[in-house]
Structures are given as structure tokens and as C-alpha cells.
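Here are my notes for you, written as numbered points. Have the structure open while you read, and look up each residue as it comes along.

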Amino acid sequence: MIKNQRLRTANPAETIIRDSQLTYQQKLHGLARVAEETVEVLEIPPQIQEFRDQGIICDLFEGSAPYRPRYIAPDFHRALRQGSDFLGLAPPSDIWEATAFLQILYKHVPSITTFPVFLGNLDTLLEPFVQQSLQETGNQKEAEKAIGLFLQHIDRTLNDSFCHANLGPESTTAGELILKVTAEQKNAVPNLTLLYDPQITSDNFASLAAQVGLETAKPSFANHQMFSKEFDSMSAHGYVIASCYNGLPLGGGSYTLVRLNLKKLADQYSNLEDFLQDLPSVVKHQLKYMDERVRFLVEESQFFQTSFLVKEGLISQDQFTGMFGIVGLAEAVNQLNPTKGLFGSDPTADQLGMDIISRISEQVKHHKASHVTIGDRAYLLHAQVGIDLDQGVSPGCRVPIGQEPPLPLHLIQSAPFHQFFPSGIGDVFAFESTMKHNPGALVDIIKGAFAQGLRYLSAYSADSDVVRITGYLVKRSEIDKLNRGEPSLLDTTVLGKNAVNNLRVLDRKLRETSETSVSSKVMEP
Amino acid sequence: MKPRNIAPDQQLKDPLQIQGAISRIIPFSSVDGPGNRFALFLQGCDFNCRYCHNPETRQKLPRPTKQVGSITQSGSKMVIDPAIPESSDKIKCSVPHWATVEQIMEQIRLVQPFIRGITISGGECLLQPEFCLALSQSALSLGLPTLLDSCGSVLFSQLPRLMKAIHGIMLDIKAWNSEEHRRLTGLSNQIVLENLEWAADHNLLQEVRTVIVPGEFNGHETVKQTASFLAQKKVLCPYVLIPFRPHGVRKPWNTLDPPSAQLMEDLRILALDAGCKQVIIR
């Protein structure tokens with residue numbers, strides 16, 4: 001998901017330096033990636049390299065010398081409790097110290113994007129300080145101001161849409177204030193998810209979250225029951241939602257994410273049987289490539305030996321996993337399905353998709369990764385959400401834009417796939433703006449979807465400035481700036497612009513839920 | 001006024017086989033009551049409101065000559081009656097047609113996990129009370145309560161079994177003055193006002209609505225009288241004021257001016273001042 005196309009051209013550094021649409025910070029990051037690409041330390045067999053050259057196996061520009069884990073999910077609760085020796089910070093004693101503490105700590109959490117991809121469960125982190133402020137001042141003004149400045153600081157300094165904060169599942173005053181400020185500020189950063197459990201989260205809080213979601217395209221909703229149960233069974237210390245919608249162990253993260261482009265693989269075959277016959281070999285090669293990347297990171301980069309995050313117990317290597325990604329299932333199915341039925345609307349196509357995912361899942365489950373302890377030492381399957389350069393490749397297991405069935409059927413079609421992807425899968429739905437007057441309707445849909453086994457759901461209103469691209473957020477007004485040749489503060493705006501052009505994400509089917517919008521249409525499945 | 005669309009023999013049938021004239025279905029609706037609802041719009045209406053935004057629902061459907069879903073032999077071929085919809089194993093949402101309660105229930109069961117209840121609207125749903133009763137009872141057996149969306153042209157008190165089977169009524173008060181009401185809709189509002197009182201007394205009002213159309217009737221009087229009535233009856237449900245919108249409206253009324261935001265706000269304040277507890281502009 002990193003714009004790295006320039007690295008493949010002659011003198012990529014100079015190209016970056018001369019790019020008038022990049023800010024200083026964006027140039028700096030780009031130049032760092034150019035430097036990394038000059039280091040060749042991984043042992044990559046020819047067959048794997050061939051798959052990489054064909055785009056079948058893709059490491060999403062993770063770099064040729066892994067020197068830090070791709071995704072890190074620190075235990076921020078522990079940090080607030082104990083302070084930080086390395087950063088010279090005492091445990092905070094009020095809301096101002098707490099938000100300042102987090103702002104400082106965030107600057108020292110690495111990731112693939114150079115910004116932290118997980119910012120913590122903000123409401124549970126801040127709730128004790130919010131309650132303290134309420135008691136001392138008698139009203140919410142101080143807490144609301146502190147939270148407003150905190151979120152603004154995040155948007156302006158961690159200016160990357162893959163910075164992701166969590167809320168819930170309990171309803172809290174801090175959570176209500178975060179949602180209130182989010183609705184007012186309408187920023188694309190941070191990405192936000194409510195860990196939703198209808199048996200824990202109050203209907204009022206869920207409705208508030210839905211209302212804000214329809215206004216600002218966040219929060220999304222994660223199936224807390226589903227995630228909790230899975231990560232408990234893996235012996236993880238808990239789970240977080242990070243980056244786009246990645247489910248990761250709390251106090252750990254993911255070493256790497258490599259994706260298998262099923263569409264590009266299908267392009268190599270003229271019939272389904274040959275594809276299925278060769279699939280295990282391709283999966284095996286991707287697993288081997290992941291193992292090599294992890295090996296270098298763990299055994300040679302010294303990250304886990306030197307990072308203060310490890311030394312202070314905020315992360316632990318035994319809580320790290322790896323993510324085996326897939327993308328383009330719909331296109332692979334549509335190309336190879338002998339009945340020619342389309343994925344998303346034809347049962348034979350959906351069944352074929354289920355067959356392909358099941359096979360990959362089984363094989364990944366039985367592969368013992370040397371440096372993974374949790375989850376029976378297996379990497380986790382991930383429905384990769386696409387990159388801005390993709391054309392004609394649908395994210396994960398999604399139905400291609402333009403072929404979406406009516407919403408009820410879409411939810412029923414999608415849910416069965418979600419069980420295979422504990423490290424993340426999600427569906428995005430655009431609703432007409434009338435739903436803002438009745439957010440309870442969205443909560444009802446989410447409750448039903450989660451009961452069907454859906455893992456993660458994002459919604460936004462067709463008239464909001466902030467929109468969900470594939471898994472991250474961008475402002476339409478910021479895309480307009482790029483279209484006028486002006487730089488955008490957010491480094492993910494250009495990804496959004498490219499995704500709009502290449503993936504037609506703004507042409508996503510509008511989910512109409514009022515009579516006036518369907519009065520002259522026949523809604524065909 | 002008696003409901004017109006009941007054939008006496010229908011009352012002897014299996015309730016699930018009672019037929020209803022259907023205009024359209026919206027499996028997920030966020031504007032027909034609280035939460036996400038399966039909204040069913042019945043075909044046929046006695047009113048002829050000038051500002052009606054779905055006038056295609058007025059026309060009553062001729063009753064089919066054969067049982068719904070029947071297949072007849074034509075020469076060596078089997079022919080499905082073209083007036084009958086195809087198999088409802090997928091969601092079909094438009095084109096007026098007859099359907100049995102069971103066929104509608106099949107579609108409701110498909111979306112049951114996602115909905116809070118069902119709403120029966122129209123047209124005027126109370127022109128088909130037996131169908132509404134059978135459907136409401138079936139839906140309730142799945143734990144799904146029914147709301148009715150009615151213009152009040154049929155006496156509620158004459159339909160006791162149906163009133164017991166539903167959860168509430170969303171009632172339109174088109175105009176308070178009877179002559180204005182007749183000019184606007186083609187019929188007097190005597191039964192409508194009787195229904196308003198009956199529903200209030202029986203705690204069945206889910207929502208009361210008035211569409212504001214400047215120049216077509218005295219909006220201030222209607223809002224004030226309706227709000228005062230609700231206050232007097234201590235009704236707590238929302239009084240919803242809806243600005244006229246020309247979408248779907250027939251000529252020449254599609255050229256009428258929508259009310260200004262200021263007018264809507266003035267009417268909202270008027271209703272609150274009259275004692276109405278909850279007034280919403282939608």
C-alpha cells in the first residue's frame with residue numbers, strides 16, 4: 001500500500017526530490033525507501049523471484065532489508081501504568097499528561113508506513129483521566145478540549161490514514177467525547193474502529209458510533225465476539241484492529257504481510273483444474289518467502305534485541321505473527337469458473353471461491369513458521385485490501401465494484417468467507433444520506449451481519465467528504481488538491497487518488513434504503 | 001367506509017394463502033419506522049393526494065383469475081401466468097403484482113437477522129386488512145413487530161383483530177379543515193380524525209405526519225390543531241413535519257414550491273408552543 005512505483009525507475013531518488021506534489025516529510029520517507037532498496041540481504045530462490053516479477057507474490061513494498069516489523073501493536077495500557085524510562089516519562093497523572101504521553105510515544109512506534117498503525121483503545125486508555133477531570137471540574141469541557149487537541153495532533157502529525165485507534169466494547173464517557181469530537185473535526189486520521197459486542201456495547205453508544213460513521217466514514221465496526229474468541233484460542237494476550245482492518249495480537253503485531261494475487265495467478269491458466277493443481281506450490285513458495293523475510297528481521301536486524309518497546313514490555317516477540325494475504329479472488333473465480341457464473345451473484349461461483357480459500361487456509365494453517373509461537377505457530381490469513389496501483393483486482397474476497405448484489409444478499413454472500421481471515425477482512429458499504437436520521441437502522445444491519453459471521457463492516461454516507469477508499473480514509477477535498485497539482489498533508493491522499501482512478505472506489509454501489517430512491521427501479525439480485 | 005378488497009371466501013382460507021396486491025418491497029428501509037425494517041407497499045389507495053410522490057400505487061390491481069403461482073397447460077407446454085411473479089427465492093422488489101402472505105414471509109425470513117420489524121404501507125394498506133392481519137401475525141411469530149403506515153381512510157375501530165396484531169400506526173394528517181382535506185385528497189377527513197382519536201386512546205400512535213405544501217392548505221392551522229390535539233391527549237410520539245418534495249409528483253403539482261427552511265422551523269415552534277412534546281422536521 002506504499003507508493004513505491006518510483007523506486008523501479010532510473011534514479012528514483014532524483015525523481016522523488018523533484019516531485020512537486022510531495023511534502024518534505026514525504027520526500028524524506030521516499031528517500032529512505034530508496035536507500036533500503038540498495039541493500040540485498042534476503043535469499044530469494046529464482047522461482048519465488050519469478051512469481052514476484054509476475055506480480056503473483058507481492059510484498060507490498062515492504063523493503064528489501066526488513067529492519068522493523070511491518071505492524072506493531074504496543075500495549076499502551078502498560079505504558080501509561082509504568083511510564084517509560086527510555087523516553088524519560090513518568091506515568092501520567094491527568095488528562096493533559098496522558099494525551100501528551102501518548103503523543104510522544106506514538107513518535108517512537110515504527111511500522112511499514114513509518115507512523116504507528118495502532119494507537120490504542122483510546123477510550124479505555126483515557127476514561128480514568130476523563131472521570132478524574134469530570135470530578136475535579138464538574139463538567140466535560142476540559143476533557144473535551146484535551147481530546148479535541150489530542151485528535152487534532154494525531155491528524156496533523158501522524159498524517160497517514162493507516163494510523164488506527166480502537167474504541168469499546170464498553171460504552172464510556174471518553175468514547176462519547178471521542179465520537180463527538182470526531183464528528184466535529186471530520187478528519188481522515190486516525191482510522192477508527194468500534195469493537196462491537198451487542199451484549200456489552202449499549203445500543204445508544206452503538207447508534208452514536210453509527211451516526212458518526214455515516215457522517216465521517218468512521219468508526220467501522222469489528223465483531224468483538226468473533227475476534228476475542230479466536231485470539232484467546234491462539235493464546236494471544238488480546239487483539240487489536242490496526243492499519244486498514246488488521247486483526248493483530250495485542251502487545252505484538254505482524255512481522256510481515258505478503259499477498260498472493262489470485263487474479264494474476266489465474267491469468268496463467270486456461271482451466272480450473274490446472275490452477276487448483278498448481279495452487280499448493282504457489283502457496284508454498286509464498287510461505288517460504290515470508291519465512292525468509294521473518295528470518296532476517298528476527299535473526300539479523302537486531303530489532304527485537306534493541307527496541308525499547310521490547311525492553312519495557314510494550315511488545316513481546318512471542319506475540320508476533322505473519323500475515324498471508326490474498327487478493328483478487330473474485331477475478332480469479334470469474335475467469336476460471338466452468339459455469340461462467342459471476343462471483344457475488346452465482347452460487348457456483350461463490351462455492352468455487354470458498355473452495356479456493358479453504359484450500360489456501362488449510363495449507364497456511366499447517367505450515368509451522370519458525371518464529372511464530374501463538375496460533376499453533378501458523379501465519380494468519382489476511383484479505384488484503386488492495387494497493388493504489390491495482391487495476392481490475394478486487395480487494396480480498398470482495399465482490400467487484402459494479403457487480404454488487406442487493407445489500408441483504410451481499411451480506412449473506414460475504415459472511416461465510418470472513419471466518420478464514422482472523423488477521424483481517426472487511427466489507428464497505430455506501431449508504432444514502434437519509435440513513436443519518438435513523439442510525440439505529442445501521443446498527444440493526446450490523447447486528448444481523450455479525451450474527452451471520454461477518455467479521456468487520458465499514459459504512460459511510462454518499463455525501464460525506466471523508467470517504468473510505470478500500471480500508472483507509474481520504475478526504476475528497478484533499479484528492480481535489482492533488483488534482484490541482486497541490487501537495488496534500490496526508491501522504492495517503494495520493495493512494496486514494498490512484499485508487500479512485502484505478503479501482504473506481506467512488507463508484508461503489510449506493511445502498512438505498514428509502515422508497516423515493518427505489519420508486520422507479522427494479523432491484524435485481 | 002368499508003374495506004373493499006376482501007373476498008368473503010378469503011376469510012375461510014389458510015391465512016398464509018391470503019393474497020395481497022403488492023406495489024413494491026424494500027427489504028432494508030431506514031425511513032419507515034425505527035431501525036432497519038422490511039417495508040412492504042401495498043397497491044391501491046382511496047385518496048388522490050395532489051402531492052402524492054408515488055401515484056403509481058393508487059391504481060387497484062385486478063384480482064387474478066387463477067390461484068397465485070398457478071401453472072396451466074397450453075398445448076404441449078406448461079405456462080406460468082404472466083401476472084404472477086416468478087419464484088421468490090431471490091429478492092424481487094418492484095412491479096405491482098399479487099403475492100400470498102407466505103410468499104412475502106419467504107422474503108422476510110431471508111432478511112430476518114438484519115431487521116427490527118416490518119412496516120406495511122402503500123397506497124393505503126388498510127384497504128387489504130385481512131392480508132395485513134395474516135402478515136402481521138406471521139411476522140410476530142418470528143419476533144418481528146408490525147407498524148402500519150396509513151392515511152387513515154378506513155376506520156381503525158372496525159378492525160379490532162388487526163389493531164391487536166400490530167405494534168403501532170404511523171398516521172398522516174393531510175389537513176385539519178375538512179374542505180381543505182377534500183380539495184387536497186379527494187375525500188373528507190372525518191374518518192381520519194376519528195382514527196387519530198381512536199389510535200391515541202389506544203396508545204397505538206407511533207408517529208403522526210403532515211406534509212407541508214405552501215398554498216395548498218392552511219399549514220399553520222393544521223399543525224396547530226394537530227399539535228394541540230396530541231398535547232391534549234398526552235401523546236408522546238413524534239409529530240413529523242415533512243416538507244413537500246416534487247420527486248415523483250404528477251403534473252401540475254410537481255411545480256409547486258417546497259416550503260422554506262424558515263417556514264418549517266416556524267411550524268415546528270408552533271407545534272411545540274401548542275404543547276406537542278416532540279416535533280421533528282424530516
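Which residue in β10(A) stands opposite Ser254(A)? Keep that in mind as you start; the reply is in the first point.

1. It's Thr321(A): Ser254(A) stands opposite this residue in β10(A). Please remember as you look that this is a predicted model. The two strands involved are β9(A) and strand β10 (residues 320-327) of chain A, which run parallel and are joined by seven bridges.

2. Stay with β9 for a moment, as it has other partners to look at. Strand β1 (residues 57-58) of chain A runs antiparallel to β9(A), with two bridges between them; here Cys58(A) faces Arg259(A) of β9(A). Strand β2 (residues 71-73) of chain A is antiparallel to β9(A) too, and three bridges hold that pairing. In this case Ile72(A) has Gly253(A) of β9(A) as its bridge partner.

3. Is β9 mostly covered or mostly open? Strand β9 (residues 252-261) of chain A is mostly covered, with ten of its ten residues buried.

4. Now find the open sheet of seven strands in chain A. Reading across, the order is β3-β4-β5-β6-β13-β12-β16, and the pairing is mixed. At the edges sit β3 (118-121) and β16 (510-511) of chain A, each of which pairs on one side only. Helix α17 (residues 407-418) of chain A packs on this sheet and touches β12, β13 (456-461) and β16 of chain A. The direction of α17 makes about 165° with that of β12(A).

5. Leu194(A) is the residue opposite Phe221(A) in β6(A).

6. On to charged side chains. Over all chains there are 32 salt bridges. One of them joins Asp59(A) and Arg52(A), whose closest N and O atoms are 3.0 Å apart. Why does Asp59(A) count as buried? Its relative accessible area is 7%, and buried means under 20%. Arg52(A), at 25% relative accessibility, is partly exposed.

7. Lys436(A) and Glu215(A) form another salt bridge, at 3.8 Å from N to O. Lys436(A) lies in the loop between β12 (427-431) and α18 (439-451) of chain A, while Glu215(A) is in helix α9 (residues 203-216) of chain A, so the pair ties together parts that are 221 residues apart in sequence. Lys436(A) is buried, with a relative accessible area of 15%, whereas Glu215(A) is partly exposed at 26%.

8. Chain B has a salt bridge between Glu197(B) and Lys233(B), 3.1 Å from N to O. This pair also links distant parts of its chain, 36 residues apart: Glu197(B) is in helix α5 (residues 190-201) of chain B, and Lys233(B) is in the loop between α6 (219-232) and β10 (239-243) of chain B. Both residues are partly exposed, Glu197(B) at 37% relative accessibility and Lys233(B) at 23%. Elsewhere, salt bridges with shared partners join Asp149(B), Asp172(B), Lys174(B), Glu207(B), Arg209(B) and Arg282(B) into one network.

9. Finally, a word on confidence. Chain A has a mean pLDDT of 91, and 92% of its residues reach 70 or more. Over residues 515-525 of chain A, though, pLDDT stays under 50. For that stretch the model has 31 contacts beyond four places in sequence.

Key. Residues numbered from 1 in each chain as written. Chains lettered and ligands numbered in written order. Predicted model: local features only at pLDDT ≥ 70, side-chain atom pairs only at ≥ 80, totals over all residues. Heavy atoms only, no water. Salt bridge = Lys/Arg side-chain N within 4 Å of Asp/Glu carboxyl O. Buried < 20%, exposed > 50% of the residue type's maximum accessible area, 1.4 Å probe, protein only. Helix = DSSP H or I, 4+ residues; strand = E, 2+ residues; numbered from the N terminus. pLDDT = per-residue confidence, 0-100. Contact = heavy atoms within 4.5 Å. Pairing = 2+ DSSP bridges. Axes fitted to C-alpha atoms, helices over the stretch in contact; angles between N-to-C directions.
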